[in-house]
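Q: I am new to reading protein structures. Could you take me through how helices, strands and a ligand site are described?

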Amino acid sequence: AALSRTKEVDIKGGWKVGDPVPYAALAQAFSLIEATTKRIEKTALLTSLFLLVIQRSKPGDFKSLLETVYLCINRLSPDYIGIELGIGESLLVKAIGESTGRSQGVVKADLKKEGDLGLVAMNSKNSQKTLFKPKALTVPFVFTNLKEIALSTGHSSQNKKVSIITKLLAACQGSEAKYIIRSLEGKLRIGNAERTVLVALAHATVLVDQERANKRINKEKLTVRLEAAAEIIKSVYSELPSYDEVIPALLEVGIEKLKDKCKLTPGIPLKPMLAKPTKAIGEVLDRFEGKRFTCEYKYDGERAQVHKLEDGAFGIFSRNSEDMSKKYPDLMEQLPKCIKDGTKSFVFDAEAVAIDRTTGKLMPFQELSKRKRKDVKVEDIQVKVCLFAFDLLYLNGEPLLHKPLLERRQLLREHFQQIDGEFDFAKSSDGETTEEIQSFLEQSVKDGCEGLMVKMLETDASFYEPSRRSVNWLKLKKDYLAGVGDSLDLVVVGGYYGKGKRTNVYGAFLLACYDADAEEYQTICKIGTGFSEEMLQSHYDTLKPLEMTKVRGDVKVGGAKPDVWFEPRIVWEILTADLSLSPIYAAAQGLADERGISLRFPRFIRVRDDKSADDATGPEQIAEMYERQVLAQSKSSKKKGGD
Ligand code: ATP
């Protein structure tokens, strides 16, 4: 089925083997992908594009496919290298003005009408008379120039960026300008989730294989192969999230042998395993009944994935795969001491927690957040940090993801050593009765933790699942027990001007969740209470530069009407007393109900600068929270009725 579908799709293949991939082929694919909401069609379109690129690449050329893939997901490097786009509106307006000979005022006025700078650029270009046709854009040319823009920093970089953007725009034809500008903004907004790209890559390689083997295969068999290939690539990529590694290997050895070639590698951070919230110990016991599990302290710090390579180099990565070695030079010094002889290479998962220098007591996250994020000097450090390791993912050349937690934990304890105030193992208790869990939970809170993480210990249910929010890891926070529920991570998309004393700052904010499949932000609530004057000023300082002329196309607004819109970038952690259905807000529409879901009495907890806007809570999670709440309410009203 997939084969016939890809044949229907007509991506212009007008280039010869060995030629650079024309950017026009990508722009055309993007237009078609944007025009459909069906995941299956998006996948088929991308598959056709990748298939063409592979067919027209010379043997040994993996760059063509690699750069095509990067442009399709709008990235320029693996996450941990962190070369990012995200050029501000004013710079882009300037470049569009310069390259199309229009004033910035006119470009801004158009933007106000259209709400999409990409469209404005495309229309400006297309209404411009040109004497001669510019040389066609190619994928390597666009990729190299985008990278140069992303990498230029410092004083004179603004002019340099504008001049590169102007050069790119000058060469744009058809719809190319629209996607170039959106790329520069940081989001393509065509609904191209990373999962779709991975599946399409797998499908394209199977189809190429099939073609080369020149053997007929029936549809059922092909479907099975396509599905298996998609599973392989998803699993490989979750262990080794780097297209720089996966794509050359895929082209070299094919999909079936990919797992042998691409494995978890120290130096390349994997996406961390995440936990599901639970509200009561009873729920934990229901879920884990009859299976061995362990409870660990849930430390209130920052996730830290620690790597050591064979050559002796260390790396510390954040929850978001950001390199944190510059933030934690003290940990970099502490680390070698906690390693026992014979531990040559490893990856362990840990929490970095602020501790009191004199008493050694754990301090809350707020203390840790006082530290600078970049270019920290050891001698300037005020807040001391201790690492609490809770999992071992790789040891001496061997990935351990598919070993039970019991075994991984054993290896962790054997190969590392506790050092007061510097390195320790997460405190754990394998007791399984309600009383034991209850008392361990109370102890964890007394010791300054948020509660417990409850984890499966044995069988394949206890394997490490990168990037998954797994039911085999449950979080039991003290807040949940008070009935408050889990916090949400929401993106600030709009602002309301303050009143009275607050007229110079925003007095309230519009928040949104993020739907990764639809690639859109969905408004969820307005928040305006509980901020001090100082906090409002600091939010104003951060958000003012992100103001946009009009709401961006990937924000599903519903009926919300803030005074200003922001580029969706800043993430806040929010607690709520209650969720309710809403005719105004757009979050999770069509999931629990046709209406959206909103938060009642939202409360600001903290800025989450370790999360990017795409890591914000998703609509499924919100619908799940709402449904649990309805269930709990109906249970308690039944109980009351029975009393
Ligand atoms: P999430 O990561 O689940 O989206 P979050 O970042 O807001 O949400 P929490 O939901 O509070 O974090 O819980 C998960 C986090 O708890 C982990 O990412 C990790 O940083 C931290 N943590 C602390 N102690 C442990 C532990 N023993 N095992 C696993 N994670 C732990």
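**Reading the ligand shell, the sheet and the helix packing**

A: Start with the shell around the ligand, which by class has eight nonpolar, no polar and six charged residues. Keep in mind that this is a predicted model.

Q: How many residues surround the ligand, and which are the closest?

A: The ligand is surrounded by 14 residues. The closest are Glu 296, Tyr 299, Arg 303, Phe 390 and Met 453.

Q: In what order do the strands of the open sheet stand?

A: The order is E1-E11-E10-E2-E9, five strands in an open sheet with mixed pairing. At the edges are E1 and strand E9 (428-429), each of which pairs on one side only.

Q: How do strand E10 and strand E11 run, and how many bridges join them?

A: Strand E10 (residues 451-456) and strand E11 (residues 469-477) run antiparallel and are joined by five bridges. To find your place in this pair, look for Val 454, which stands opposite Leu 474 in E11.

Q: Which strands does helix H15 lie across?

A: Helix H15 (residues 281-288) lies across E2, E10 and E11, and runs at about 155° to E11. Another helix to look at here is H19 (residues 434-446), which lies across E2, E9, E10 and E11 and runs at about 135° to E10.

Q: What describes two packed helices?

A: Two packed helices are described by the angle between their axes and the distance between the axes. Take H15 and H19 as a case: their axes come within 10 Å and cross at roughly 130°. That angle makes H15 oblique to H19. The crossing of these two helices is right-handed.

Q: Which residues make the contact of H15 and H19?

A: From H15 they are Ile 281, Val 284 and Leu 285, and from H19 they are Thr 434, Ile 437 and Gln 438. By class, this contact has four nonpolar, two polar and no charged residues.

Q: At what angle do the axes of H3 and H4 cross?

A: The axes of H3 and helix H4 (residues 63-72) cross at roughly 155° and come within 9 Å. Angles over 145 degrees count as roughly antiparallel, and H3 and H4 are therefore roughly antiparallel to each other. Their crossing is right-handed.

Q: Which residues of H3 and H4 make the contact?

A: On H3 they are Leu 46, Phe 50, Val 53 and Ile 54, and on H4 they are Ser 64, Leu 65, Thr 68 and Cys 72. The contact of H3 with H4 has six nonpolar, two polar and no charged residues.

Q: At what angle do the axes of helix H3 and helix H11 cross?

A: Helix H3 (residues 39-55) and helix H11 (residues 194-213) have axes that cross at roughly 50° and come within 8 Å. With this angle, H3 is oblique to H11. H3 passes H11 in a right-handed crossing.

Q: Which residues make the contact of H3 and H11?

A: Among them are Arg 39, Lys 42, Leu 46, Phe 50 and Ile 54 of H3, and Val 197, Ala 200, His 203, Ala 204 and Leu 207 of H11. The residues of this contact divide into eleven nonpolar, five polar and two charged.

How values were computed:
Residues numbered from 1 in each chain as written. Predicted model: local features only at pLDDT ≥ 70, side-chain atom pairs only at ≥ 80, totals over all residues. Axes fitted to C-alpha atoms, helices over the stretch in contact; angles between N-to-C directions. Helix = DSSP H or I, 4+ residues; strand = E, 2+ residues; numbered from the N terminus. Parallel < 35°, antiparallel > 145°, perpendicular 65-115°, else oblique. Left-handed = near helix turned anticlockwise from the far one by under 90°. Contact = placed C-beta atoms within 7 Å. Nonpolar A, V, L, I, M, F, W, Y, C, P; charged D, E, K, R; others polar. Near = placed C-beta within 6 Å. Pairing = 2+ DSSP bridges.
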